[in-house]
Amino acid sequence: MKEQSKATLSFPDGTAPIELPIYSGTIGPQVIDIRKLYAQTDRFTFDPGFMSTAACESKITYIDGDKGELLYRGYPIEQLAEHCDYLQTCYLLLNGELPDDEQRRDFENRVTNHTMVHEQMTRFLQGFRRDAHPMAVLVGMVGALSAFYHDSLDISDPEHRFVSAIRLIAKMPTLVAMAYKYSMGQPFMYPLNRLSYSANFMRMMFGTPCEDYEPNDVLVRALDRILILHADHEQNASTSTVRLAGSSGANPFACIAAGIATLWGPAHGGANEASLLMLRDIQREGGVERIGEFIAKVKDKHSNVKLMGFGHRVYKNYDPRAKLMRETSHEVLGELGLHDDPLFALAMKLEKIALEDDYFVQRKLYPNVDFYSGIVQKALGIPTEMFTCIFALARTVGWIAQWGEMIADPDQKIGRPRQLYTGHARRDVRVPAKRKG
Ligand code: ACO
């Protein structure tokens, strides 16, 4: 972080002007350092939703929303999706560089050696109702890891932080698959460590003890790509939640559970589920014929209907992940002979119409990754209510990398935003007069 120049802030009421340092990062907009603003002027800044606030310095992920560019540690997402697998991407996010062959083998071994969860976790799981939403189960299970793995909770010890990171990356597929099997009333499948990370996960999801499960390379690669595309996305709502929770010194499992809770919302990770449900609704009500009517509803301010899978706080251009996901959907549907899938045809048509419509053009609303990821997941056999769990699985590495970066920062402080108070000024409780006699 280099100081480039200073901005001068003046006030209408005679308060002396102050100078605020301006810093530049490697790429991206400059930032104005307002840390001393309150001490010097007795004023806060007001920025609900963090529209103009950089809450931290980070070296992990960069997004250029206008260009539609996403870089992990400087590498474009398109190149990582084509040339790397998910575990290489995890190594990159955690360590800053892609692994050489030996580092790759070592990292894979470490992750593989932690894929099982404490056997008592199965009893913990059995406390949930069978019809619980799998995200409710996942929030609980991941939070509970801190009750099972006491030996890696010293956040001041880098080795503990590393072991926790490996445990989380390794155990998430097992926990997600357990949540799924529990909802189905099927026995859990233990991890099979000779398989790759993604093939192992698919086997734990779709295998049963009665039959061998043969992972299909195209489908495994598609899942791996979903994981790569969702691995990190700088300071989004769930990542900021993880950082905020972690800033108090909370343990990493608790922090990731907080991230999962945030991801659950339909404006964030729940959007791929919402997007697929939307497509199903349109299909049920008449399909392609009804798109015009649906778009009119979306444009009506009073309808509260949104085109799910469209729009993004940061991307004001095509989300690069959406392009890759669209490509993957072609591959998966082709492999499975589902080219005529009506929901996919509907999605393509809806996208075309929306991209040509003034409402969307003026607001720079483009498809985000969730618009197509639901279709791919459905084709892979993943039920709708599991979509956000897959997102959480993928994002775990981003959360833990961002959390680790924050904890290792010697300037790290507890996160504590301020407010503009507009409630009552001080007033007194009215005490009823005592009755006489
Ligand atoms: N459909 C219709 N109109 C939309 C949509 C949409 N999907 N998204 C934004 N708009 C409109 C808003 O109504 C607003 O219009 P106005 O200026 O006339 O009031 C304008 O576009 C700006 O939208 P904001 O809500 O201010 O944009 P913001 O950055 O706050 O929201 C968000 C971004 C939450 C993602 C929003 O676009 C949305 O709700 N999209 C649908 C849900 C979704 O797909 N979420 C996934 C995000 S990606 C992810 O988490 C991986």
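Select Asn-368 and the ligand. An N or O atom in the side chain of Asn-368 lies 2.9 Å from an oxygen atom of the ligand. That is a polar contact, a pair of N or O atoms within 3.5 Å; within protein, one must be able to donate a hydrogen and the other to accept it, and residues adjacent in sequence count only if both atoms are side-chain atoms. Taken alone, the ligand exposes 920 Å², and the protein buries 74% of that. Such areas come from the Shrake-Rupley method with a 1.4 Å probe; for residues, only the protein chains shown count as cover.

The model is predicted: local features need pLDDT of at least 70, side-chain atom pairs count only at pLDDT 80 or more, and totals for chains, interfaces and linings use all residues. Residues are numbered from 1 along each chain as its sequence is written, and side-chain values use heavy atoms, with hydrogens and water left out.

For Arg-363, the corresponding distance to an oxygen atom of the ligand is 3.0 Å.

Now show the whole shell. Around the ligand are 20 residues; Leu-307, Gly-309, Phe-310, Arg-313 and Tyr-359 come nearest. A residue counts as near if one of its heavy atoms lies within 4 Å. Ten of the shell residues are nonpolar, five polar and five charged. Here Ala, Val, Leu, Ile, Met, Phe, Trp, Tyr, Cys and Pro count as nonpolar, Asp, Glu, Lys and Arg as charged, and the others, Gly among them, as polar.

Next, select Leu-87, Leu-195, Ser-196, Tyr-197 and Ser-198. Of the 19 residues lining the second largest pocket, these lie nearest its centre. The space in this pocket is about 260 Å³. Which helix gives the largest share of the lining? H9 does, with four residues. The lining has eight nonpolar, six polar and five charged residues.

Move to strand E5, residues 69-72. Strands E4, E5 and E6 form an open antiparallel sheet in the order E4-E5-E6. At its edges are E4 (61-64) and E6 (75-76), each pairing on one side only. E5 and E6 pair over two bridges; strands pair if DSSP finds at least two bridges between them. Tyr-72 stands opposite Tyr-75 in E6.

Last, select strand E2, residues 18-24. Another open sheet runs E1-E2-E3, with antiparallel pairing. Ile-22 has Ile-32 in E3 as its bridge partner.

Technical notes
1 Å grid on protein atoms, 1.4 Å probe; cavity = no way out; pocket = protein on both sides within 12 Å on 5 of 7 lines; lining within 4 Å. Points joined across faces, edges and corners; volume = space filled by probe spheres on them.
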